[in-house]
Amino acid sequence: MKAPRAAVRDRRGQRERTLRVGLPILVLAIVLAVWELAVRIGGIPSYVLPAPSLILQTLISDGGLLSQSLLVTLATTLEGFLLAAAGGVGLAVLFNQSRLVEYSLYPYAVVLQVTPIVAIAPLLLIYLPQHAAVLFCAWIVAFFPVLANTTLGLNSVDRNLADLFTLYGASRGQVLWYLNLPSALPYILGGLRIAGGLSLIGAVVAEIAAGSAGAGSGLAYRIVESGYRLNIPRMFAALLLLSIAGIVIFYALSLVNYLALRRWHESALAAER
Amino acid sequence: MPPAPEPGFAPLVALRDVGKDFPNGTRALAGLNLAVRPGEFLALLGPSGCGKSTALRIIAGLSEPTEGAIEWSQDGAAANGANRIGFVFQEPTLMPWATVFDNVLLPLKIKGAATGAAAERVAAVLDRVGLRGFAASYPRELSGGMRMRVSIARALVTEPQLLLMDEPFAALDEITRFALNDDLLRMWEALRTTIIFVTHSVFESVYLSSRIAVMAPRPGRVFAELAIDTPYPRDRNFRTSAEYAAFCRRTSEVLAQATAAGVAP
């Protein structure tokens, strides 16, 4: 009785997976087809709305230029992300170790978070060299989720485990290293997953704010520049690259999350029957 | 009326008129007197909320009494100084991110003694609790009973002179609990350590302990002490014996009196 039922369940699971992958692709195909047809039949000029095929062509023909810009933006994003990770976790640990530091600085961390980055970026560009300003923007946007999540994680330590460390006379460093940080790891990784996407956004916003004034060469700069030149297909191509970069960053961090937690944390465990 | 300490033995640790008030105004313990003999298996039995766990935490040094004193014997003081106290919580309280081996190694690692000899000790103590071959497993891969065994192994790895257990088997099913009861008795007889075992089960306390301190609630104090003088080793036959039944009946009566004493102060 059991085997056939399991087989039915497996088949149903397989269908489920096929649908989950297949349906979004189908939707994309339909949208692209309608878009292409609308542009061709309606005779819409490419500086108003380029057809998907033209965007793809542009992506290939401008590949050298765009991929160079992509690398610039990705480098900024990565630097901003690493600084945000170090800064967020570092500050959270500092807050955790000293209430006074937490009371003194936490409100300002919140201020940095709630002030729109688009409004800060032009100001930063006045005071900092362009690269530093762009980096700082990426950092400001990305560090807060890491800080907030790590703080939450450090405060969610099992009380009994903390008692156990007290009982054995563990030093503060030992408690931090053997107990608090491992407990907080799932939260830290969750914060980093958000920070990855946000540092890309921060880098793009800063590049756009720098705009034609800057000597930048990132993807967002290309978008602004192409806009001035009415090179709309290239704008779309650059936008497509940015989206793909964001998706890759998200899934790369999800993979790190899974690899780090798969042996022990509920969030990374396969559903058991 | 707290019983006076009997003459003729030097207690390993003694609580003298211990009281404990919580910041919210709850009077958890008042006038608690308890003397723990070296090598005994002492059960702290009482209804929930009678301060059993609080008393245990005070002995462990995890909580400070508001009044009264804790006196350690020469031996006990040495044990306390070297942190040679083991503590087993109601929950297994394992680090989910660490393997069974690393969980058991933790007390030695904190003391900076995580050497090759430590690895052998961990292996030996895992063997003793019946978890040979599970060193590389993670806690979530184990059953509730096995997790509790890991917790006991961790408490035993420092070779404590005093093992404090706070309702360790309360959350387990009966079959698992009986198996762990038997294994715990075997370990206690082999290691000759002193155990204070908090429980709210009359049957468990009679089966395991050589002495039961029955506590009364509101505020928590020792109401009576009962000696369970059936010689060890005890096994399944003891569980079904008339002697066991008589001890259980007697203990239940005292527990009922203690509970009633708490309700009408």
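Tutor: Axes are lines fitted to C-alpha atoms, for helices over the stretch in contact, and the angles between their N-to-C directions run from 0 to 180 degrees. Keep in mind that the model above is predicted.

Student: Why are helix 5 and helix 6 of chain A called roughly antiparallel?

Tutor: Helix 5 (residues 117-127) and helix 6 (residues 130-155) of chain A pack at an angle of about 155°, with their axes 9 Å apart. Angles over 145 degrees count as roughly antiparallel, and therefore helix 5 and helix 6 of chain A are given that name. Helix 5 of chain A also passes helix 6 of chain A in a right-handed crossing.

Student: Which residues of helix 5 and helix 6 of chain A meet?

Tutor: On helix 5 of chain A they include I117(A), I120(A) and L124(A), and on helix 6 of chain A they include A133(A), F136(A) and I140(A); contact here requires C-beta atoms within 7 Å.

Student: What makes strand 3 and strand 8 of chain B a pair?

Tutor: At least two bridges are needed for pairing, and 4 bridges join strand 3 (residues 41-45) to strand 8 (residues 211-216) of chain B, so these parallel strands count as a pair. Within this pairing, L44(B) stands opposite A213(B).

Student: What makes strand 5 and strand 9 of chain B edge strands?

Tutor: In chain B, 6 strands form an open sheet in the order 5-6-7-3-8-9, with mixed pairing. Strand 5 (85-88) and strand 9 (221-227) of chain B each pair on one side only, as edge strands do. From one strand to the next, the twist averages 20°.

Methods:
Residues are numbered from 1 along each chain as its sequence is written. Chains are lettered from A and ligands numbered from 1 in the order in which they are written. This is a predicted model: local features need pLDDT of at least 70, side-chain atom pairs count only at pLDDT 80 or more; totals for chains, interfaces and linings use all residues. Helices (H or I, at least four residues) and strands (E, at least two) are DSSP runs, numbered from the N terminus. Angles under 35 degrees count as roughly parallel, over 145 as roughly antiparallel, 65 to 115 as roughly perpendicular and the rest as oblique. A crossing is left-handed if the near helix is turned anticlockwise from the far one by less than a right angle, and right-handed if clockwise. Two residues are in contact if their C-beta atoms, placed from the backbone, lie within 7 Å.
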